[in-house]
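Visitor: Could you walk me through this structure? I am new to reading models like this one.

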Amino acid sequence: MDLGLGGGRRRVVVIGGGVAGSLIAKSIQFLSDVTLIDQKEYFEIPWASLRAMVEPSFGERSVINHRDYLTNGRLVTSSAINVTETEVLTAEGRLIAYDYLVIATGHTDSFPKTRTERLKEYQAEYEKINSAHSILIVGGGPTGVELAGEIAVDCPDKNLTLVHDGSRLLEFIGPKAADKTLNWLTSKKVEVKLEQSVRLDDISDGGKTYLTSDGDILKADCHFLCTGKPLGSLWLRGTNLKNNLDNHGRLMVDENLRVKGRKNVFAIGDITDVPEIKQGYLAQKHALVAAKNLKLLMEGEKESKLAKYQPSSVKAIVSLGRRDAVAQLSFTTVIGSVPGMIKSRDLFVGKTRKKLGLEIKL
Ligand SMILES: Cc1cc2nc3c(=O)[nH]c(=O)nc-3n(C[C@H](O)[C@H](O)[C@H](O)COP(=O)(O)OP(=O)(O)OC[C@H]3O[C@@H](n4cnc5c(N)ncnc54)[C@H](O)[C@@H]3O)c2cc1C
């Protein structure tokens with residue numbers, strides 16, 4: 001029964017409005033008194049951002065104001081900086097009381113506060129790509145590879161170089177997927193340099209000459225840094241949850257996705273130590289399990305009735321432009337238009353919007 005905001009319902013505070021936080025906030029907004037705390041006013045589908053750099057209008061559907069799906073909850077646009085047994089403190093000095101807390105601060109980035117500003121950034125990145133003859137991509141993880149794929153397919157006239165300090169691309173999935181991806185990029189005339197890093201403190205010639213750790217000189221009109229984002233747990237180091245962080249800065253959770261030893265604090269998504277690769281579809285699964293458990297706890301159910309989360313085996317699809325992709329499945333890897341049909345056309349944007357209760361198209 002919906003009792004209206006605050007009307008005797010349990011207070012649930014969700015920190016982080018990314019893939020996991022947005023979905024759990026949406027899922028429980030009519031069952032509890034929800035407050036979503038996020039650094040920005042919008043949720044952005046991370047895996048759609050690289051397409052928006054070559055097609056800025058793509059961002060219209062993938063950058064979603066929290067207000068569009070959170071119609072029955074409070075929104076606080078600020079960073080959480082501290083948490084006690086009963087309250088969360090935000091950077092702007094607000095204290096927000098909770099009965100249940102959900103931490104979903106995945107990864108941090110320096111994105112602007114408003115959706116309009118973020119869409120303008122895409123436009124600026126598009127113009128940067130368009131006006132360059134040669135482009136350097138630093139980093140060969142999923143972000144660097146997907147950006148190289150987008151540019152290679154949409155702007156085949158650009159001279160594209162990708163430099164990665166590891167011995168192979170896409171180290172989070174298997175070596176066969178990495179080899180196939182390398183061949184695909186090479187076939188699109190992308191020059192890939194492995195086991196080298198770019199000395200970003202030593203860019204000369206008006207920002208156009210780069211030096212690598214091997215002493216190679218690279219010429220490029222611009223570069224994109226795709227070296228991964230820091231985990232969003234630094235702020236927890238000064239809180240009473242500091243002892244719940246493992247050596248990688250991840251929150252240690254139990255099988256019900258509660259922070260170990262805490263009855264009313266959940267953690268979901270990339271911030272957790274769940275032994276599986278960090279992927280958005282898994283963060284969504286965490287959100288649904290934690291939402292179910294919150295509902296059971298709020299209804300006074302026994303602990304033994306709580307849902308258990310089963311970690312997943314390695315499965316991922318990395319898009320390679322608009323048509324192709326490389327898929328890491330449990331026992332094999334596939335590259336080309338078949339995995340491409342699953343991901344690369346719409347990049348799961350319609351699917352993600354549907355999960356949030358939004359129209360697939362605008
Ligand atoms: C290029 C790329 C491609 C990808 N492709 C796929 C794919 O195809 N399929 C897939 O399943 N996954 C993919 N992923 C991985 C996926 O994006 C992540 O696993 C997912 O975003 C994790 O979700 P999350 O909610 O845990 O964290 P995030 O989505 O990182 O969200 C964290 C949120 O917390 C906020 N935050 C951080 N600190 C604070 C704070 N102190 N106070 C308030 N708010 C805070 C941030 O602003 C952000 O909104 C891809 C990732 C990238 C970068």
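Guide: Let us begin with a term: a residue is called buried if 20 or more other C-beta atoms lie within 10 Å of its own C-beta atom. Please keep in mind throughout that this is a predicted model.

Visitor: Okay, so is F348 buried or exposed, and why?

Guide: F348 has 21 other C-beta atoms within 10 Å, and therefore it counts as buried. F348 sits in the loop between α9 and α10, and its phi is positive, about 60°, although F348 is not a glycine.

Visitor: And what about L347, where is that one?

Guide: L347 is also placed in a loop, the one between α9 (337-343) and α10 (349-355). L347 has a positive phi of about 55° without being a glycine, and L347 is buried because 24 other C-beta atoms lie within 10 Å.

Visitor: Switching topic, which residues come nearest to the ligand?

Guide: There are 35 residues around the ligand, and those that come nearest are G16, G18, W47, G106 and G269. The elements that give two or more residues to this shell are α1 (19-28), β2 (33-38), α6 (142-154) and α8 (280-298).

Visitor: Where is G17, then?

Guide: G17 lies in the loop between β1 (11-15) and α1, and G17 counts as buried because it has 29 C-beta neighbours inside 10 Å. If we leave aside the neighbours within four places in sequence, G17 is in contact with S22, L36, D38, F43 and H66.

Visitor: Now helix α5, which residues are buried there?

Guide: In α5 the buried residues are R115, R118, Y122 and I129. Seen down the helix axis, the buried residues of α5 fall within an arc of 60°, so they line one face of the helix. On the other side of α5, the residues T116, A124, E127 and S131 are exposed.

Visitor: What covers that buried side?

Guide: The cover over the buried residues of α5 includes, among others, β3 (42-44), α2 (49-54), β10 (134-138) and α6.

Visitor: What span should α5 have?

Guide: At 1.5 Å a residue, the 17 residues of α5 (residues 115-131) should span 24 Å, and the end C-alpha atoms are 25 Å apart, which agrees.

Visitor: Last one, which residues does the domain annotation cover?

Guide: An unreviewed UniProt entry carries the annotation "domain: FAD/NAD(P)-binding" for residues 11-286. Over residues 11-286 the chain is 27% helix and 23% strand.

Note on methods. Residues are numbered from 1 along each chain as its sequence is written. This is a predicted model: local features need pLDDT of at least 70, side-chain atom pairs count only at pLDDT 80 or more; totals for chains, interfaces and linings use all residues. A residue is near a molecule or strand if its C-beta atom, placed from the backbone, lies within 6 Å of it. Helices (H or I, at least four residues) and strands (E, at least two) are DSSP runs, numbered from the N terminus. The expected span of a helix is 1.5 Å times one less than its number of residues. A residue is buried if 20 or more other C-beta atoms lie within 10 Å of its own, exposed if 12 or fewer, and partly exposed in between; C-beta atoms are placed from the backbone. The arc is that of the directions from the helix axis to the C-beta atoms. Two residues are in contact if their C-beta atoms, placed from the backbone, lie within 7 Å. UniProt positions are given in the numbering used here, feature names are shortened, and annotations may be inferred rather than shown by experiment.
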